[in-house]
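Please have the sequence and the 3D view open while you read this note. Take the points in order and find each residue as it is named.

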Amino acid sequence: MNILVTGGAGYIGSHTIISLVDNGFSVTVIDNFCSGHIEAINAVSKYENKKIKVYNVDFSDINVLEGIVKKHDINGVIHFAAHSLVGESMDDPLKYYKNNVAKTILFLEFLKKSGINHFVFSSSAAVYGIPDKNPIDETSRLNPINVYGSTKQAVENLLDGMGRAYGFKYISLRYFNAAGAHKSGIIGEDHRPETHLIPKVLKSVAAGKNKAVVFGNDYPTHDGTAIRDYIHVDDLAGAHVLSLKYLIEDKKSKSGVYNLGCEKGYSVLDILRKTEEITGKKLKIEFAGRREGDPAILVASYEKIKKELGFEFKYSIGDIISSAWNWHSNHLNGYIAT
Ligand code: UFG
């Protein structure tokens with residue numbers, strides 16, 4: 001089976017490629033490298049001892065895509081390519097709607113015309129906004145509070161329509177907090193700028209600064225700091241492969257929307273304590289005001305994906321932070337050689 005991965009040079013994309021190759025899929029990557037890293041693809045090729053086919057092309061460049069899809073006889077698609085910074089999405093909504101929605105419409109239209117009918121979509125817990133209750137299940141009200149989340153909801157709505165009208169088969173995966181790095185230490189998280197809690201703190205420790213800033217300590221939680229559901233990037237990667245296999249191999253497969261979290265919540269201070277334990281470094285913790293748009297608690301129910309696709313996560317919060325520490329302590333400048 002030949003799979004096209006958009007945004008395959010990104011954080012979750014590159015980890016998923018390893019899982020795909022390990023599961024016998026042949027992978028073709030397209031990425032415009034606006035935030036992805038060619039070094040990630042090169043590292044995966046070396047690790048798998050297999051050249052990953054990669055094209056520097058935007059997923060909306062349909063003329064070029066036609067040739068790629070024919071040449072590699074593509075049977076299924078995982079669509080990661082998207083802008084994903086919540087703050088930036090509020091400052092520049094046009095950029096987000098153009099890339100995440102308008103271009104995805106063109107891309108989906110092209111897939112439909114090409115008869116490619118197996119599609120896995122990167123969605124986000126951001127579609128829920130501030131939930132009425134936790135853990136959040138897939139029937140919870142969708143009420144995104146930022147532009148990024150609205151763009152993910154817009155594509156989910158289109159997929160729902162395409163499923164009903166054309167029998168288009170898709171799975172939309174709503175990620176909670178992706179974190180950690182591949183066990184080999186060859187690939188990991190390298191966002192520029194980095195805004196996420198775990199990589200930010202670990203980068204500070206790796207740089208010898210040992211600094212952490214906590215956004216808000218007056219939330220209605222056990223220690224006043226916000227609670228999130230962290231899932232190892234390799235568990236996420238495995239869930240993409242599971243979804244694709246289900247769509248392709250199960251003749252009775254149905255399209256669906258699934259949460260991807262572990263149903264375990266950790267506060268910001270819980271994460272910082274675990275980080276101190278794993279790195280052996282005492283953190284200088286500074287408390288700042290709440291970050292705009294941050295819900296107090298986001299914890300996934302993952303019952304649906306467990307029951308319907310047989311998904312089980314393998315990694316604990318300790319595994320997440322240790323694997324990320326392994327990556328950051330050995331790659332002080334991310335993919336730029338140190
Ligand atoms: N935080 C800090 N200090 C930091 C960075 C983050 O206290 O230096 C806090 C945040 O305020 C938040 C928690 O740590 O309470 C987690 O923040 P992250 O930035 O790591 O992750 P988010 O929960 O904000 O973001 C995740 C995904 C987004 C998605 C969002 C949905 O990464 O893609 O959930 O709510 F949109």
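1. Start in a loop. Glu263 sits between strand 11 and strand 12 (266-267). Keep in mind that this is a predicted model. Glu263 is not a glycine, yet its phi is positive, at about 60 degrees. Its relative accessible area is 33%, so Glu263 is partly exposed.

2. Now compare Asn49. This residue lies in the loop between helix 2 and strand 3 (53-56). Is Asn49 buried or exposed? Asn49 counts as exposed because its relative accessibility is 72%, and the cut-off for exposed is over 50%. As background, most residues other than glycine have a negative phi, and most peptide bonds are trans.

3. Next, look at two prolines. The peptide bond from Asn134 to Pro135 is cis, and its omega is near -10 degrees. Pro135 belongs to the loop between strand 5 (118-124) and helix 6 (147-166). Arg192 and Pro193 are also joined by a cis peptide bond, with omega about 5 degrees. Find Pro193 in the loop between strand 7 (177-179) and helix 7.

4. Move to the ligand. Which residues come nearest to it? They are Lys200, Val213, Arg228, Arg291 and Asp294, out of 19 residues around the ligand. By type, the shell divides into 11 nonpolar, 4 polar and 4 charged residues. Helix 7 (197-206) and strand 8 (211-215) each supply at least two residues of this shell. Strand 8 gives the largest share, 3 residues.

5. Check the polar atoms at the ligand. Asn177 has a polar side-chain atom 2.9 Å from an oxygen atom of the ligand. His196 also places a polar side-chain atom 2.9 Å from a ligand oxygen atom. For Phe215, the atom is a backbone N or O, and it lies 2.9 Å from an oxygen atom of the ligand. How much of the ligand does the protein cover? On its own the ligand has 690 Å² of accessible area, and the protein covers 91% of that.

6. Stay with Asp294 for a moment. Its place is the loop between strand 13 (284-288) and strand 14 (297-298). Asp294 has a relative accessible area of 19%, so it is buried; the cut-off is under 20%. The side chain of Asp294 makes a polar contact with the side chain of Arg291, at 3.2 Å. Leaving out residues up to four places away in sequence, Asp294 touches Tyr219 and Arg228.

7. Turn to the nonpolar interior. In soluble globular proteins, nonpolar side chains tend to be buried together. The largest nonpolar core here has 44 residues, and Leu20 and Leu260 touch the most other members. Several elements each supply at least two residues of this core, among them strand 1 (2-6), helix 1 (11-22), strand 2 (26-31) and helix 8 (233-249). Which helix gives the most? Helix 8 does, with 8 residues.

8. Finish with Leu20. Which residues does it touch beyond four places in sequence? Leu20 touches Ile3, Val5, Phe25, Val27, Ile78, Val241 and Leu244. A second, separate core has 22 residues, including Leu65, Ile116, Phe119 and Phe168.

Technical notes:
Residues numbered from 1 in each chain as written. Predicted model: local features only at pLDDT ≥ 70, side-chain atom pairs only at ≥ 80, totals over all residues. Heavy atoms only, no water. Near = heavy atom within 4 Å. Polar contact = N/O pair within 3.5 Å; in protein donor to acceptor, adjacent residues only side chain to side chain. Areas by Shrake-Rupley, 256 points an atom, 1.4 Å probe, with all protein chains shown as cover. Helix = DSSP H or I, 4+ residues; strand = E, 2+ residues; numbered from the N terminus. Nonpolar A, V, L, I, M, F, W, Y, C, P; charged D, E, K, R; others polar. Core = buried A, V, L, I, M, F, W, Y, C linked by side-chain atoms within 4.5 Å. Buried < 20%, exposed > 50% of the residue type's maximum accessible area, 1.4 Å probe, protein only. Contact = heavy atoms within 4.5 Å.
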